[in-house]
Amino acid sequence: MAKYTIRILGMSCAACVRRVELGLTNLQGVTEASVNLAAQKATVEYDPQIVKPANLEAKIRDLGYEPVSSPQPEDKPERTTINIGGMHCAACVRRVENTLKRIPGVLEANVNLASSRAVVTHEPGKADVFELRKVLDDSGYQFLGVVGEQSEDPLEAARKQELRDLKIKLAVGAVLSILIHIAAFPHLIPSLHSLIPSNWLLIAGFIMTTPVVFWVGSRFIIGAYKAALQKTSDMNTLVSVGALSAYLYSSVVTFFPRFFETAGIPAPVYFDGAAMIVTLILLGRYLEARAKGKTSEAIQRLMGLKPKTARVIRDDTEIDLPVELVQVGDVIVVRPGERIPTDGIVLSGSSSVDESMLTGESIPVLKEQDAEVFGATINKTGSFTFRATKVGAETALAQIIRLVEEAQGSKPPIQRFADKVASIFVPVVFSIAIVTFIVWYFLVPDSVFSRAMLNFVSVLIIACPCAMGLATPTAIMVGTGLGAEKGILIKSGESLEKAYKLTTVVFDKTGTLTRGEPVVTDIIPAEDVGQDEVMRIALSIEAVSEHPLAQAIMDRGKSEGMQALPLQDFQAETGLGVRGSLENRPVLLGNRRFMEMQSISMNGLENSVQTIGDQGKTTVLVAQEDKVIGLLGLQDVPRDGAREAVESLKHMGLTVAMITGDNRKTAEAIGSSVGIDTVLAEVLPGEKAQEIRRIQGTGQVVAMVGDGINDAPALTAADIGIAIGAGTDVAIEAGDVTLIKSDLQLVPSAIRLSLQTMKVIKQNLFWAFFYNSLGIPIAAGVLYPFFGILLNPVYAAAAMALSSVSVVSNSLRLRWSLGKKL
């Protein structure tokens, strides 16, 4: 059963409530309907297999009221990602988006031309698969299924089939175009003109051109026809009208030459032009399809990592099962060299595991009992068993793929301008082409019909909405895919564009710039006492302590091979320290106040205590009997690579700051050690977001780098939230960018990736607009009065094909130029 909440306008009394409740309850499939007059809402419980929300709304209208559907806070909008076939240009993108948005309950639709996918945001229970399929089929496009529902990728299968079809048609078109060209220019082959009458060559040209236009170019004609049914136009319309104009004109010249002879009009034929137009644009489509396939290689590689089977223990027997049948709680056996089937916790055994596909870290990670393992990572040396904790769409790999796919399906604000231009592009081109024909046929002295027609065709053919449609999505696909391979997950195209404008990067201190746990940095003994003696006594006391600093002291002692001695009479003094007896001698460990309260002599270590404190470190004093024998300095130390990461950001021209709740002395000591001059200290967790907004108020565009958990408000407040060290639990909503491993060098890498991706997007859009702005006037003949230049439609077709391929190739260049620098 499903629940649907809807606002209803027009109810004024209890009788209205009763009428609506009875009307809805009488619908087949509705089990209960409750109407709240004050809230003007109805909550309906229904069987979605029998009745749909659209039926409920229709019933309310029949009763004389107006339903207003909107997602309620408890019913968050849902997202459905679908594969779509048959899109070729920016006009297609615009048409599909508008078509999907007209479905009741759809809130937003974002179509990605490069990946041939649409992300549909809709109210729960609305825009089901049947509705999506119907509206797409009616619009002339192919519904290729919901992403993630099929074990095989239908989109990839459709791409391969399209490439096969294009290759066959391209080969036929190329051969026939060459033969047609020979028939059009028989003098190219000596004696051909004398052997075959010219009218036979014309008929041969007609016979060979017909399959090129109607079979090789069928996708253009069918696309134009479907667009016409929707009372719109697209790139297919331009190509079809251009090719058919040349073909039909040449056919009339071939079979009705007297019409032109009577009118005194020269009657050349352009079968070769019609054939070459179709073949060259098909060549461009083929090269474009191949290149577009490469833009999604990163996602395909990630999807290819999914293991097919798992060795599961059931009823004390090992059985091989398809990974889709693995359930949470299953015990799975993994042998050396195998991929781990799904996420889980190690039960027995140990091994080293290559997690580079998730984190980008090439060094294998040791896995022992209770360690977490992740699906699709590679077991290297040992065997182990583990219990499955996440399966299917819940695994780390599946979540990473989902995040990357959503990013690739999103649009940065810069694309909106291109979309607006694309929506009016084709009608404008048709208008320019018609004006071109009128000028060349009616206004130019000594006008010739064939010349006017050729210029008309050239304008239609050279215009390329494809380049505009591919400019942004191809770059985003390459950029986000490359980031995913390096452990950088970018949430959306909008995040890319914001990162491009960054001026300031603010790091949280604890757990982000630092390791988040103290370590012993200094051991200072009193005169005539050895360091080892101080460390051994401190280790023996802390071995039975629960003090927050105890683990750091124990780790340091054990790293030096020391063993704790048995301690008697242990006693903890809250907020001060601990005491006990070691080898029948009283020992103490704690702060200076504790020593003063116990009348313990500082034994000449006063200056050392002051020095350690000035460095922002925590001081722990160790005493034996009535005097201090040494002190330990502890500090939360910076992560490896922190200083290098800060230097990289500064080198990029960014201001770097650190924010922390620690006291100013400690904070400035950490800031100084990593090269950060701007330190925001003593900021409470709840005030971090307010501090970020204060910086934004000075005109800065701010990125906040935090751990994605307790920094969530600040990450959300920043222009860009970068969640670092989130591990493989990537279900984070606050961060715009997620860095899977706690490597601070990935922060400048993520910003560098965003900068380069936006640079390529701007290059692509400039090329697309520049090409059309330059090409269309040339095709219209504006250079003819000055230089005598007219553009042959064949060259226009070649230029159009080149424009799309160049945009996609420039996006692919991002992988080659940036891949090794991240």
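At what angle do helix 16 and helix 30 pack, and how far apart are their axes? In this predicted model, local features need pLDDT of at least 70 and side-chain atom pairs count only at pLDDT 80 or more, whereas totals for chains, interfaces and linings use all residues. Residues are numbered from 1 along each chain as its sequence is written, and side-chain values use heavy atoms, with hydrogens and water left out.

Helix 16 (residues 449-462) and helix 30 (residues 793-818) pack at about 5°, and their axes are 8 Å apart. Helix 16 is therefore roughly parallel to helix 30 (angles under 35 degrees count as roughly parallel, over 145 as roughly antiparallel, 65 to 115 as roughly perpendicular and the rest as oblique). Axes are lines fitted to C-alpha atoms, for helices over the stretch in contact, and angles between N-to-C directions run from 0 to 180 degrees. Helices (H or I, at least four residues) and strands (E, at least two) are DSSP runs numbered from the N terminus. On the helix 16 side, L454, V457, S458, I461 and I462 meet P793, A796, A797, A799 and M800 of helix 30, contact meaning heavy atoms within 4.5 Å. This contact has nine nonpolar residues, one polar and no charged (Ala, Val, Leu, Ile, Met, Phe, Trp, Tyr, Cys and Pro count as nonpolar, Asp, Glu, Lys and Arg as charged, and the others, Gly among them, as polar).

Helix 24 (residues 642-651) and helix 25 (residues 664-674) pack at about 70°, with axes 8 Å apart. These two helices are therefore roughly perpendicular to each other. A642, R643 and V646 of helix 24 make the contact with S672, S673 and V674 of helix 25. By class, three of these residues are nonpolar, two polar and one charged.

The UniProt annotation "transmembrane region", from an unreviewed entry, covers several segments, including 456-482 and 765-787; UniProt positions follow the numbering used here, feature names are shortened, and annotations may be inferred rather than shown by experiment. Residues 456-482 are 93% helix and 0% strand, with end C-alpha atoms 43 Å apart. For residues 765-787, the values are 87% helix, 0% strand and 29 Å.

The lining of the second largest pocket comprises 30 residues, of which G86, H88, Q142, E162 and R219 lie nearest the pocket centre. Helix 5 gives the most to this lining, with eight residues.

Note on methods: On a 1 Å grid over the protein atoms alone, a cavity is a set of points where a 1.4 Å probe fits but cannot get out, and a pocket is an open set with protein on both sides within 12 Å along at least five of seven lines; lining residues have an atom within 4 Å of a point.
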